[in-house]
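Thank you all for coming; please have the sequence and the model open while I talk.

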Amino acid sequence: MDTQWRDKKLYPALGIFTILSLLYLNFNDNLNFSFPQIFLRQPKMGFVGVNKTQFVIKNEDPKTHSLTFQELYINGWNSYWLMEESVWESSRYRVSEMLRRGAEMGLSVCRTWAFSDGGGPNDLQLLPGVFNERVFKGLDYVIVEARKHNIRLILSLVNNLNAYGGTAQYVRWAREEGGTNVSSSRDSFFTNPTVKAYYKSFVKAVVTRKNSISGVKYSEEPAIFAWELINEPRCESSSSAAALQAWITEMAGFVKSLDQKHLVTVGLEGFYGVEKTGSFGVNPGKWAASLGVDFIENSAIDNIDFTSVHAYPHSWIQGINSDAKVNFLSHWVDSHISEAEKILKKPVLFTEVGFPSSTQKEGLHDRNIYLKIVYDKIYESAKKKKAGAGALVWQLLVEGMERYGDKFSFIAWKHPSTYKLIVEQSCRLLNTSSQGASHRKLNRKDHCFANAS
């Protein structure tokens, strides 16, 4: 053995490795670097942008720094629970399994919560501007694992519903701080200066965070597809419509001031306001026009890069048969794609489409009937290079995560016909886009091009 090589190179290298290991184990929380990032090699990804009514992946040549653009049509899913299950090492494998399974189905975007507001041990934000680092590290893990599997994330920043704190928690915090001028109405979230400052503080902490695993700032992370300002905004009073519009304008601009590389969307369900547009008749009921939201007006704001729509005919419309629900869904999707194309001139992403799984006549599953309507319309739009940019099913689980489920949640591989439908949609969208050509070059065990010449 070459003892000179051993003494001069091997032993010193082992010594340095040992010292770094000890530093990590003893002082990791106080160091400015994370030990794993020394060894972490992440897949190369391009940022997603918008070209008129289409999503594009922006790929930069490392030598010339010139950009090329690939069309992107999205088949994706929701798993809102990823951060919560990444807090503890013992449950992270389920997050990895979900992302791996999603990639196997050809899904490219996952929408998940980047919020949890309250005082619980697993909440991300314990008090305004006070964060649980352990939970933040869970979000770090989600982002790194997503990139590992070539999945991009839509990260939602607050809930309009009460689950995980939501806007009501921000209002409570302001009132507890002695805010005598803070109304108990949740609409105060959109108007009160103290509450808005709390939200901005949270957004800044998330958007500017440096990942403790990869060392990459969130604002520089291509595995993040977009920031969603709020999940399903609604006002308690229709008179708050102007306040919501002003809030969206202000907060979209604020996010863009922190991060110019990522897309921003509102998080709308797609309802129309009575006085804002002639399309309010498309709504699932008169109640939808009284929520202070308007699909067109809210989406037209300059710093909103693409618009979002949800679809829950079984929850929104009661007392009608399946044929009527099918007709509503068909009209709902057509209307939003058309208006995104002709009026907004922005891509529209159906970020939540949820249907129950009950067996109908001739053995067909309810979920498949409705999901196929959405998928077919997205595919037809994609073939024509129109604004219908994709859909995200609500929501996917893995074994052991049933506690996060609702009547629309399912484990895809336990429903073979639905699984097949999802994979087929992934493949035909990939074949439609310019991304398909480059996908052929990847050494992947998928079957999207099994019959390609």
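Predicted model: local features only at pLDDT ≥ 70, side-chain atom pairs only at ≥ 80, totals over all residues.

Let me begin with Arg209, which lies over the face of Phe136, at 4.3 Å from the ring centre, where a charge sits over a ring if NZ of Lys or CZ of Arg is within 6 Å of the ring centre and within 35 degrees of the ring normal. Arg101 is placed over the face of Trp413, and here the distance from the ring centre is 4.2 Å.

Residues are numbered from 1 along each chain as its sequence is written, and side-chain values use heavy atoms, with hydrogens and water left out.

Now to the chain as a whole, which has 13 helices and 13 strands; these are DSSP runs numbered from the N terminus, with helices being H or I of at least four residues and strands being E of at least two. Of its 453 residues, 55% count as buried, and buried means under 20% relative accessible area, with exposed being over 50% and partly exposed in between, for a 1.4 Å probe and protein chains only. If we take the contacts between residues at least 6 apart in sequence, 70% of them join residues at least 24 apart, a contact being heavy atoms within 4.5 Å.

In what order do the strands of the eight-stranded open sheet come? The order is β10-β9-β8-β5-β4-β13-β12-β11, with parallel pairing, and two strands pair if DSSP finds at least two bridges between them. At the edges are β10 (263-265) and β11 (307-311), each of which pairs on one side only. From one strand to the next the twist averages 25 degrees, where axes are lines fitted to C-alpha atoms, for helices over the stretch in contact, and angles run from 0 to 180 degrees between N-to-C directions.

β5 pairs in the parallel sense with β4 (residues 74-78) over three bridges, and Gly76 stands opposite Val109 in β5. Five bridges join β5 to β8, again in parallel, and there Trp113 stands opposite Ser156.

There is also an open sheet of three strands, in the order β1-β2-β3, and its pairing is antiparallel. Its edge strands are β1 (47-51) and β3 (67-72), each pairing on one side only, and neighbouring strands are turned by 40 degrees against each other on average, direction ignored. Between β1 and β2 there are five bridges, and Gly49 stands opposite Val56 in β2.

Next, the aromatic rings, which pair, for Phe, Tyr and Trp (its six-membered ring), if their centres lie within 6.5 Å; planes under 30 degrees apart count as stacked, over 60 as edge-to-face and the rest as tilted. By this rule the count comes to 31 aromatic pairs. One of them joins Phe55 and Phe225, edge-to-face, with 5.1 Å from centre to centre and 75 degrees between the planes. Phe55 lies in strand β2 (residues 54-60) and Phe225 in strand β9 (residues 224-228), so this pair ties together parts that are 170 residues apart in sequence. Both Phe55 and Phe225 are buried. The rings of Trp113 and Trp394 have centres 6.2 Å apart and planes at 40 degrees, so that pair is tilted. Trp113 is in strand β5 (residues 109-113) and Trp394 in the loop between β13 (388-393) and α12 (416-432), 281 residues apart.

Turning to helix α5 (residues 166-176), eight of its eleven residues are buried, among them Tyr170 and Trp173. What covers these buried residues includes β6 (125-127) and α6 (193-207). After α5 comes Gly178, whose phi is positive, near 90 degrees.

Finally, is Asn160 buried or exposed? Asn160, found in the loop between β8 (152-156) and α5, is buried, with a relative accessible area of 2%. Not counting residues up to four places away in sequence, Asn160 touches several residues, including Thr167, Arg186 and Glu232.
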